[in-house]
Amino acid sequence: MASPDSDCLAVLIDADNAQPGVVGELLAEVASYGTATVKRAYGDWTTPQLGRWKDVLHVHAIQPVQQFSYTSGKNATDSALIIDAMDLLHGGRVDGFCLVSSDSDFTRLATRLREAGLAVYGFGERKTPKPFVAACDKFIYTEILKRPVVAAAPAGPELEEPGEAGEGIGGSLRQLGPALRAAIAAVDQEDGWAPLGQVGTWLLKHDPSFDARNFGFKKLSDLVRAQTDLDLKTVPGSQGAHLYVRLREG
């Protein structure tokens, strides 16, 4: 359960463009960022295409918002979601938004909400256009919410097969290597060691879709351990242990 002082989040779902089968895992992910005080799903609920959503809405106490398709070829659902988001923004009731869609039409909405100082978490499939991904503070590909992850695995030629550790939704560790090294160089200290938390923050700022789970790993520390050219160490602190990473010498 989120703490009473955690961020209040509005979860707005484009039911025409999202899958009901991942909602349970999605809301569990949302709970790691704050409390979902508003949960709404938008669509034309008179159509049979949204029939699979019925049980999901009840189980997770999501409010269905009816929006008829008045004109063929025009997405009235998107407009209803955007209007409600702006009402919530100006009402000052929430601290952030979770926009659930793979539709690039919400790019400007995400940008506008961030301009107002609110956090925006995007949820969508891997096919989501890059502009929408980049407009969010963090973007989570829904495929990883159903995909098993591993604690750690060695990097090397054996990681060529898709689905193994090191190969995932976001590509391979080899593709990530340059960005990971750039992040370390950007935040490292005089001794060459970089706080792992700051490395993760740098990566996320440069690519909102960055997530260790995209590569088949549960945590960033597990992903780093799979890199043959990096060292990882633990330093005890007054508030717990801290992890540091550096490029391996030699």
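Student: What does the secondary structure of the chain come to?
Tutor: The chain has nine helices and 11 strands, where helices (H or I, at least four residues) and strands (E, at least two) are DSSP runs numbered from the N terminus. This is a predicted model, in which local features need pLDDT of at least 70, side-chain atom pairs count only at pLDDT 80 or more, and totals for chains, interfaces and linings use all residues. Residues are numbered from 1 along each chain as its sequence is written, and side-chain values use heavy atoms, with hydrogens and water left out.

Student: What percentage of the residues of the chain count as buried?
Tutor: Of the 250 residues, 47% count as buried, a word that stands for under 20% relative accessible area, whereas exposed stands for over 50% and partly exposed for the range in between (1.4 Å probe, protein chains only).

Student: Why does Ala-76 count as buried?
Tutor: Ala-76, which lies in helix 3, has a relative accessibility of 16%; buried means under 20%, so the term applies. Leaving aside neighbours within four places in sequence, Ala-76 is in contact with Gln-67 and Phe-68, contact meaning heavy atoms within 4.5 Å. The C-alpha atoms of Ala-76 and Gly-43, which are 33 residues apart along the chain, are separated by 8.5 Å.

Student: What makes Leu-204 partly exposed?
Tutor: The relative accessible area of Leu-204 is 23%, and this value lies between the limits of 20% and 50%, so Leu-204 is called partly exposed. Leu-204 is found in helix 8 (residues 196–206) and touches Asp-137, Lys-138 and Phe-210, not counting residues up to four places away in sequence.

Student: How do you know whether Ala-61 is buried or exposed?
Tutor: Ala-61 has a relative accessible area of 57%, and since exposed means over 50%, Ala-61 is exposed. Ala-61 lies in the loop between helix 2 (53–59) and strand 3 (63–66), and its phi is near 50°, a positive value in a residue other than glycine.

Student: Why is helix 3 called roughly parallel to helix 4?
Tutor: The axes of helix 3 (residues 76–91) and helix 4 (residues 107–115) come within 11 Å and cross at roughly 0°. Axes here are lines fitted to C-alpha atoms, for helices over the stretch in contact, and angles run from 0 to 180 degrees between N-to-C directions. Angles under 35 degrees count as roughly parallel, over 145 as roughly antiparallel, 65 to 115 as roughly perpendicular and the rest as oblique, and therefore helix 3 is roughly parallel to helix 4.

Student: Which residues of helix 3 and helix 4 meet?
Tutor: Leu-81, Ile-82, Ala-85, Met-86, Leu-89 and His-90 in helix 3 meet Leu-109, Arg-112 and Leu-113 in helix 4. These residues divide into seven nonpolar, one polar and one charged, where Ala, Val, Leu, Ile, Met, Phe, Trp, Tyr, Cys and Pro count as nonpolar, Asp, Glu, Lys and Arg as charged, and the others, Gly among them, as polar.

Student: What makes strand 4 mostly covered?
Tutor: Five of the five residues of strand 4 (residues 96–100) are buried: Gly-96, Cys-98 and Val-100 point one way from the strand, and Phe-97 and Leu-99 point the other way.

Student: What is the order of the strands in the open sheet of three strands?
Tutor: The order is 9-11-10, with antiparallel pairing. Strand 9 (194–195) and strand 10 (230–235) are the edge strands, since each pairs on one side only. Two bridges join strand 9 to strand 11 (residues 242–247), while strand 10 and strand 11 pair over six bridges. Leu-230 stands opposite Leu-247 in strand 11.

Terms used: Two strands pair if DSSP finds at least two bridges between them.
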